[in-house]
Amino acid sequence: MAQSILVTLFCCLPLGIVAIIKASEVNSRLASGDYEGAVKASKEAKKFCWWSFGAGIIFIAIYFVLVVIAAVFGQ
C-alpha cells in the first residue's frame, strides 16, 4: 500500500490510483478467506506500481529534454 501511495504522489497519478485500489483489495480478500484472489490483487498492484514508476521516469525524461531544447533554442 505504501508503494502505491508513493508512486501516486511522485510518479503517475492515474496508474497510482489503480495501484492503490488493487492494494486495498488485498486485505479485504484476505479477510474473506480468498487467498488466491489476494495474491492476484497483490501482483496486479505491484504491476501498476511499476507501470506508474516507469511512466514517471518517462515524463521526467521528456521534461528535461524539453527544458534543454528550450534553453538551447529559446534565445
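Arg-29 comes out as partly exposed, with a relative accessible area of 30% (buried means under 20%, exposed over 50% and partly exposed in between, with a 1.4 Å probe and protein chains only). This is a predicted model, so to speak of local features takes a pLDDT of at least 70 and side-chain atom pairs count only at pLDDT 80 or more, while totals for chains, interfaces and linings use all residues. Residues are numbered from 1 along each chain as its sequence is written, and side-chain values use heavy atoms, leaving out hydrogens and water.

Glu-25 is partly exposed at 22% relative accessibility, as is Asp-34 at 33%. Glu-25 and Arg-29 sit four residues apart in helix H2, about one turn of the helix.

The count comes to three salt bridges. Lys-22 forms one with Glu-44, their closest N and O atoms being 3.0 Å apart. Lys-22 lies in helix H2 (residues 13–31) and Glu-44 in helix H3 (residues 35–73), so this pair ties together parts 22 residues apart in sequence.

As for the whole protein, there are three helices and zero strands (DSSP runs numbered from the N terminus: H or I, at least four residues, for helices; E, at least two, for strands). The C-alpha trace spans about 65 × 15 × 15 Å along its principal axes.

How values were computed: Salt bridge = Lys/Arg side-chain N within 4 Å of Asp/Glu carboxyl O.
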